[in-house]
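Here is a friendly briefing to read alongside your structure.

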Amino acid sequence: MVPSKVLVVALMVCLGISLFFDSFLYIQTLDLRKEINGFTEQIDNLTGQIDNLTSELNDLTLTKNFTFELPLTLGGFLKIELTFRIVEENLSMTAKLNHTQGGLILVFDRNGDGKITRQDDGWILYSNNKYHPTDVDPLTGSYSIPYMLPYLSPYHHAEESENETIFHISFPLNFLNLHNDLVYVSSQPVLSCGVLFHFGLKVEN
Amino acid sequence: MMKVFNFLVIVLVICLGFSLFFNGFLYMQTLDLRKEIGNLHDQIDSSANQINELKNQLSELTQTKNFTFELPHLVLGYIRIELTFTLNQTHLLITSKQNYSHPALVLAFDKNGDGKISADKDDAWILYYANNYHRARIDPASGEVIFPMCLPQPSQYHHAVIKENESIFYIAFPLEMLYNDVIYVSESGVVGHGVLFCFELEYKR
């Protein structure tokens, strides 16, 4: 028979040790929670960085910029800065010209034969927000203008300042029905032909 | 006295029971928290890797520019030139892929840095598939090339890979030779002028 005093002492020692471990484990859980909060903040920060980088990358992959210089009939060169972007099922374009005369000629390969020919409908976009339908021969740069007044354009609006014109253009992709990214760009005062190139965005249906 | 001890023993046993229960509870909690920390570590590693990949992709996109042009050719109809511009510390690297064999690539830079390419001030290179070249004069408005009266020199700037239906030029020009990103590109046999554009890579001289 263990004397009660010894039992009490033994129980008190055990309780002491157990309480010590309780407090040790409690402090450890507090530290771990603090550590978790730190990591969570770090992850939030990293997620923010990933979002920023992804949006930068999207901007770069979904936007294509080109700057061309085309010889003018009256001498000198026309500088055209083009930006292509897909925005909500629209092909959105900005064309900045260091010139204020003549319309912007734009032809896509609408019939999808891999070439720009007289069979592809194009546009001459004017700075007064009107347009003429046209077709071009990209070999010579010759283009047609129909004998009619230009239409009011639902596809673009232009800002004209003293030395430059900026065209903001948006074509619904459904309307363009493109099979490739081939485009011909020129302007009315350009000598001979414009430039035929691939704008490098996926526009196929 | 005995009753008091018995009561004390019972109280101590109950306290010890609670304490041990909390020990177990806290111990399980620390295990869960450590597991959570492990997961967060993995998540942080994965996010860091993703950030590195995105940064690499961004760096590739900002240091590499691609252009695809179609130019009318005397014999071949339209030829396609796919150009890739990349900068490293010392050179501008250009890869030019043509959809026909045995081309002669015409390149001109704005060497005097006046923002234009002119026949009398900027000299051009005509790079041949036989890994030699001519220095020439070009008029970017008409596309006219004036050849020198000498044999082509072996090229330290490029080498060409010729295949049945395509050819690839690998070109490296030292950055000292460049003043800005204006470039004129054409091919021998192209009808009219080639294309004058800015390749839009920023470099420090």
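**Strand β11 of chain B and its surroundings**

Strand β11(B) is joined by four bridges to strand β12 (residues 195-198) of chain B, and the two run antiparallel. Strands here are DSSP runs (E, at least two residues) and helices are DSSP runs (H or I, at least four), numbered from the N terminus; two strands pair if DSSP finds at least two bridges between them. This is a predicted model: local features need pLDDT of at least 70, side-chain atom pairs count only at pLDDT 80 or more, and totals for chains, interfaces and linings use all residues. Residues are numbered from 1 along each chain as its sequence is written, chains are lettered from A and ligands numbered from 1 in the order written, and side-chain values use heavy atoms, without hydrogens and water.

**Pairing and burial**
- B:Tyr184 sits opposite B:Leu196 in β12(B).
- Strand β4 (residues 104-109) of chain B also pairs with β11(B), antiparallel over five bridges, and B:Leu107 faces B:Val185 there.
- Because six of the six residues of β11(B) (residues 182-187) are buried, the strand is largely enclosed by the rest of the structure; buried means under 20% relative accessible area, exposed over 50%, partly exposed in between (1.4 Å probe, protein chains only).

**Cysteines**
- There are zero disulfides over all chains, a disulfide being a pair of cysteine sulfur atoms within 2.5 Å.
- The sulfur of A:Cys14 lies 13 Å from the closest cysteine sulfur, in B:Cys15, too far for a bond.
- B:Cys198 is in no disulfide, as the nearest cysteine sulfur, that of A:Cys193, is 18 Å away.
- B:Cys198 is buried at 6% relative accessibility, while A:Cys14 is partly exposed at 38%.

**An exposed phenylalanine**
- A:Phe20 belongs to helix α1 (residues 4-62) of chain A and is exposed, with a relative accessible area of 53%.
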